[in-house]
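This report describes selected features of one protein model. The sequence and structure are shown first, followed by notes arranged by topic.

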Amino acid sequence: QVQVVESGGGLVQPGGSLRLSCAASGSIITIYTMGWYRQIPGKQRELVATITSGGSTNYADSVKGRFTISRDNVKNMMYLQMNSLKPEDTAVYYCNADMWATGQWRADYWGQGTQVTVSS
(Lines give C-alpha, C1' and ligand atoms only; values in the text may rest on other atoms or scores of the structure.)
Protein backbone atom coordinates (compact mmCIF):
# COMPACT_ATOMS: atom_id res chain seq x y z
CA GLN A 1 0.00 0.00 0.00
CA VAL A 2 1.37 3.36 -1.02
CA GLN A 3 1.31 5.99 1.68
CA VAL A 4 2.97 9.10 3.05
CA VAL A 5 3.49 9.64 6.76
CA GLU A 6 4.50 12.85 8.52
CA SER A 7 6.44 13.15 11.76
CA GLY A 8 8.19 15.79 13.82
CA GLY A 9 5.40 18.07 14.95
CA GLY A 10 5.06 19.35 18.48
CA LEU A 11 4.96 22.35 20.79
CA VAL A 12 7.62 25.03 20.42
CA GLN A 13 8.07 28.55 21.76
CA PRO A 14 7.96 31.57 19.44
CA GLY A 15 11.32 32.00 17.76
CA GLY A 16 12.07 28.30 18.03
CA SER A 17 12.64 25.65 15.40
CA LEU A 18 11.13 22.34 14.33
CA ARG A 19 11.92 19.88 11.57
CA LEU A 20 9.12 17.94 9.93
CA SER A 21 9.72 14.74 7.99
CA CYS A 22 7.60 12.96 5.41
CA ALA A 23 8.22 9.36 4.42
CA ALA A 24 6.73 7.88 1.27
CA SER A 25 6.51 4.10 1.10
CA GLY A 26 5.06 1.28 -0.98
CA SER A 27 5.50 0.14 -4.58
CA ILE A 28 6.57 3.57 -5.79
CA ILE A 29 7.77 4.00 -9.34
CA THR A 30 8.28 7.77 -9.39
CA ILE A 31 7.67 10.66 -7.02
CA TYR A 32 7.13 13.92 -8.83
CA THR A 33 6.44 17.12 -6.89
CA MET A 34 6.19 16.91 -3.10
CA GLY A 35 4.86 19.59 -0.83
CA TRP A 36 3.89 20.73 2.61
CA TYR A 37 0.50 22.25 3.31
CA ARG A 38 -1.10 23.45 6.53
CA GLN A 39 -4.59 23.93 7.84
CA ILE A 40 -6.13 25.79 10.75
CA PRO A 41 -9.57 24.64 11.95
CA GLY A 42 -12.26 26.46 10.02
CA LYS A 43 -9.92 27.58 7.26
CA GLN A 44 -8.88 26.17 3.92
CA ARG A 45 -5.72 24.15 3.59
CA GLU A 46 -2.91 26.36 2.30
CA LEU A 47 0.34 25.71 0.53
CA VAL A 48 3.51 26.12 2.59
CA ALA A 49 6.20 24.91 0.19
CA THR A 50 6.75 22.55 -2.72
CA ILE A 51 9.77 20.85 -4.22
CA THR A 52 10.08 19.14 -7.60
CA SER A 53 11.99 15.94 -8.24
CA GLY A 54 14.77 18.10 -9.64
CA GLY A 55 14.95 20.22 -6.49
CA SER A 56 13.16 23.38 -7.60
CA THR A 57 11.37 24.97 -4.68
CA ASN A 58 8.42 27.28 -4.13
CA TYR A 59 7.38 28.94 -0.86
CA ALA A 60 4.40 30.81 0.47
CA ASP A 61 5.30 34.44 1.10
CA SER A 62 4.51 34.01 4.79
CA VAL A 63 7.31 31.47 5.29
CA LYS A 64 9.99 32.70 2.88
CA GLY A 65 13.32 33.12 4.62
CA ARG A 66 12.21 31.08 7.64
CA PHE A 67 11.30 27.64 6.27
CA THR A 68 13.39 25.38 4.06
CA ILE A 69 12.02 22.41 2.14
CA SER A 70 14.27 19.58 1.00
CA ARG A 71 14.00 15.97 -0.15
CA ASP A 72 16.03 12.80 -0.44
CA ASN A 73 15.05 11.04 -3.66
CA VAL A 74 16.93 7.87 -2.71
CA LYS A 75 15.13 7.46 0.61
CA ASN A 76 11.77 8.84 -0.66
CA MET A 77 11.83 11.41 2.13
CA MET A 78 10.92 15.09 2.34
CA TYR A 79 11.71 17.57 5.09
CA LEU A 80 10.62 20.99 6.27
CA GLN A 81 13.03 22.91 8.45
CA MET A 82 11.06 25.61 10.25
CA ASN A 83 12.99 28.40 11.97
CA SER A 84 11.90 31.61 13.68
CA LEU A 85 8.50 30.12 14.29
CA LYS A 86 5.58 32.42 15.01
CA PRO A 87 2.24 31.76 16.74
CA GLU A 88 0.53 32.16 13.36
CA ASP A 89 2.44 29.11 12.11
CA THR A 90 0.30 26.98 14.42
CA ALA A 91 -1.58 24.47 12.28
CA VAL A 92 -1.81 20.86 11.22
CA TYR A 93 0.88 20.28 8.61
CA TYR A 94 0.25 17.83 5.81
CA CYS A 95 2.62 16.11 3.42
CA ASN A 96 1.58 15.73 -0.20
CA ALA A 97 3.25 13.65 -2.88
CA ASP A 98 2.41 13.38 -6.57
CA MET A 99 3.34 9.75 -7.21
CA TRP A 100 3.11 6.93 -9.72
CA ALA A 101 2.94 3.54 -8.06
CA THR A 102 2.79 0.00 -9.38
CA GLY A 103 -0.73 -0.88 -10.46
CA GLN A 104 -2.00 2.63 -9.75
CA TRP A 105 -2.71 5.72 -11.79
CA ARG A 106 -0.53 8.69 -11.03
CA ALA A 107 -2.19 10.48 -8.10
CA ASP A 108 -1.82 12.85 -5.18
CA TYR A 109 -1.23 11.17 -1.84
CA TRP A 110 -1.79 12.92 1.50
CA GLY A 111 -0.52 12.11 4.96
CA GLN A 112 -2.61 12.16 8.10
CA GLY A 113 -1.09 15.43 9.31
CA THR A 114 1.10 16.46 12.22
CA GLN A 115 0.25 19.21 14.69
CA VAL A 116 2.60 22.16 15.09
CA THR A 117 1.83 24.51 17.96
CA VAL A 118 3.83 27.69 18.52
CA SER A 119 3.09 29.14 21.92
CA SER A 120 4.81 30.47 25.01
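## Loop residues with positive phi

N76 is located in the loop that connects β7 and β8. In this predicted model, the phi angle of N76 is near 55°, a positive value for a residue that is not glycine. Most residues other than glycine have a negative phi.

S84 belongs to the loop between β8 and β9. The relative accessible area of S84 is 41%, which places this residue in the partly exposed class.

## The four-stranded sheet

The strands β1, β3, β8 and β7 form an open sheet in the order β1-β3-β8-β7, with antiparallel pairing. Its edges are β1 (3-7) and β7, each of which pairs on one side only. Direction ignored, neighbouring strands of this sheet are turned against each other by 15° on average.

The strands on either side of the N76 loop, β7 and β8, run antiparallel and are joined by six bridges. Within this pairing, R71 has M78 of β8 as its bridge partner.

## The disulfide

The structure contains one disulfide. C22 and C95 form it, with their sulfur atoms 1.9 Å apart.

The torsion about their S-S bond is about -60°, so the disulfide is left-handed.

In soluble globular proteins, nonpolar side chains tend to be buried together. The largest nonpolar core of this model comprises 32 residues, and those with the most contacts inside it are W36, L80, M82, Y93 and M99. Two or more residues are contributed by each of β3, β4 (28-39), β5 (46-51), β7 (67-72), β8 (77-82), β9 and β11. The largest share, six residues, comes from β9.

Y93 illustrates these contacts. Leaving aside residues up to four places away in sequence, Y93 touches W36, L80 and M82, among others. Its partners also include E6, L20, R38, F67, T114 and V116.

T114 is part of strand β11 (residues 114-118). With a relative accessibility of 12%, T114 counts as buried. Its side chain reaches the backbone nitrogen of G9 at 3.2 Å. Beyond residues up to four places away in sequence, T114 is in contact with E6, S7, G8, G9, L20, A91, V92 and Y93.

A91, one of these contacts of T114, is situated in strand β9. A91 is buried, its relative accessible area being 4%. Although A91 and R38 are 53 residues apart along the chain, their C-alpha atoms are separated by 5.9 Å. R38 is also among the residues that A91 touches, together with Q39, I40, T114, Q115 and V116, when residues up to four places away in sequence are not counted.

Notes:
Residues are numbered from 1 along each chain as its sequence is written. This is a predicted model: local features need pLDDT of at least 70, side-chain atom pairs count only at pLDDT 80 or more; totals for chains, interfaces and linings use all residues. Side-chain values use heavy atoms; hydrogens and water are left out. A disulfide is a pair of cysteine sulfur atoms within 2.5 Å. Buried means under 20% relative accessible area, exposed over 50%, partly exposed in between (1.4 Å probe, protein chains only). A polar contact is a pair of N or O atoms within 3.5 Å; within protein, one must be able to donate a hydrogen and the other to accept it, and residues adjacent in sequence count only if both atoms are side-chain atoms. Contact means heavy atoms within 4.5 Å. A nonpolar core is a set of buried Ala, Val, Leu, Ile, Met, Phe, Trp, Tyr and Cys residues joined through side-chain atoms within 4.5 Å. Two strands pair if DSSP finds at least two bridges between them. Axes are lines fitted to C-alpha atoms, for helices over the stretch in contact, and angles run from 0 to 180 degrees between N-to-C directions.
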